[in-house]
Amino acid sequence: MTVIRKILVLLLTVGLFLSAHGRLSDAEKIKESIVLYTKIIIDESKSDRHRDINAFVKMMEDIADHQIAKKLYIWIQSWHENGLYMDAKLKKIEFISIKVKGNTATAQTEELWKYRYFDRRINRIVKPETEVFYQVMYYLERKRDNWVITKIDVIKEVQKNQEGRK
């Protein structure tokens, strides 16, 4: 898939998300924000595209606050500057609890990720495929009609590499 096509698909996904977003309950909007955040991690981590930080933060403004978007950008770009790209799949995300109190909310998830890192300079996998189970607490604020992620805490992380070792 070409870079332009990837950008169009991502923009279409964000556009569809925002157009359908107005008809959803708070809990569904919270889920959509978190799922879209994970999709952006997956897409941006394996992309050759190098946005500037301001464009990235602007793209994320309806999903994550400035600090979360900036931290994600720096994390992805630090890998890319060393030629490394993450090939990730979110195998499962389960919402354990969603609590809304006025204009703030928390959402606890259990997520199963599978990823590997490869070096495009030498076209080789440099970190083998790994499965990681996470328990995550997301903190969100209602901004306009969106639920925006303001903080993320990883409560638990359990890794298992391809050979099955923990």
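The following exercises, each with a worked solution, concern a predicted model.

**Exercise 1. The largest pocket**

Determine how much space the largest pocket holds, which residues lie closest to its centre, and which element gives the most to its lining.

Solution. 
- Step 1. The space in the largest pocket amounts to about 660 Å³.
- Step 2. Its lining comprises 21 residues, and those closest to the centre are Tyr37, Ile41, Trp75, Tyr134 and Val154.
- Step 3. Two or more lining residues come from each of α2 (26–45), α4 (66–81), β2 (104–119), β3 (124–143) and β4 (146–161).
- Step 4. The most is given by β4, with 5 residues.
- Step 5. Sorted by class, the lining of the largest pocket holds 14 nonpolar, 2 polar and 5 charged residues.

**Exercise 2. The largest cavity**

State how many cavities of 30 Å³ or more a search of the whole structure finds, and describe the lining of the largest cavity by residue and by class.

Solution. 
- Step 1. The volume of the largest cavity is about 30 Å³.
- Step 2. The residues that line the largest cavity are Ser45, Trp75, Ile76, Trp79, His80, Met86 and Tyr117.
- Step 3. With 4 residues, α4 gives the most to this lining.
- Step 4. The class division of the cavity lining is 5 nonpolar, 2 polar and no charged residues.

**Exercise 3. The faces of α4**

Solution. 
- Step 1. Helix α4 has 16 residues and spans 22 Å from its first C-alpha to its last, close to the 22 Å expected at 1.5 Å a residue.
- Step 2. The buried residues of α4 are Ile68, Ala69, Leu72, Tyr73, Ile76, Gln77 and His80.
- Step 3. In general, an α-helix has 3.6 residues a turn, so residues three or four places apart point the same way.

**Exercise 4. The surroundings of valine 136**

Decide why valine 136 counts as buried or exposed, and list the residues that it touches beyond four places away in sequence.

Solution. 
- Step 1. Valine 136 belongs to strand β3.
- Step 2. Valine 136 counts as buried because its relative accessibility is 3%, and the cut-off for buried is under 20%.
- Step 3. Leaving aside residues up to four places away in sequence, valine 136 touches Ala107, Gln108, Thr109, Glu111, Ile152, Asp153 and Ile155.
- Step 4. Between the C-alpha atoms of valine 136 and glutamate 110, 26 residues apart along the chain, the separation is 6.4 Å.

Conventions. Residues are numbered from 1 along each chain as its sequence is written. This is a predicted model: local features need pLDDT of at least 70, side-chain atom pairs count only at pLDDT 80 or more; totals for chains, interfaces and linings use all residues. Side-chain values use heavy atoms; hydrogens and water are left out. On a 1 Å grid over the protein atoms alone, a cavity is a set of points where a 1.4 Å probe fits but cannot get out, and a pocket is an open set with protein on both sides within 12 Å along at least five of seven lines; lining residues have an atom within 4 Å of a point. Grid points are joined across faces, edges and corners, and a volume is the space filled by probe spheres set on the points. Ala, Val, Leu, Ile, Met, Phe, Trp, Tyr, Cys and Pro count as nonpolar, Asp, Glu, Lys and Arg as charged, and the others, Gly among them, as polar. Buried means under 20% relative accessible area, exposed over 50%, partly exposed in between (1.4 Å probe, protein chains only). Contact means heavy atoms within 4.5 Å. The expected span of a helix is 1.5 Å times one less than its number of residues.
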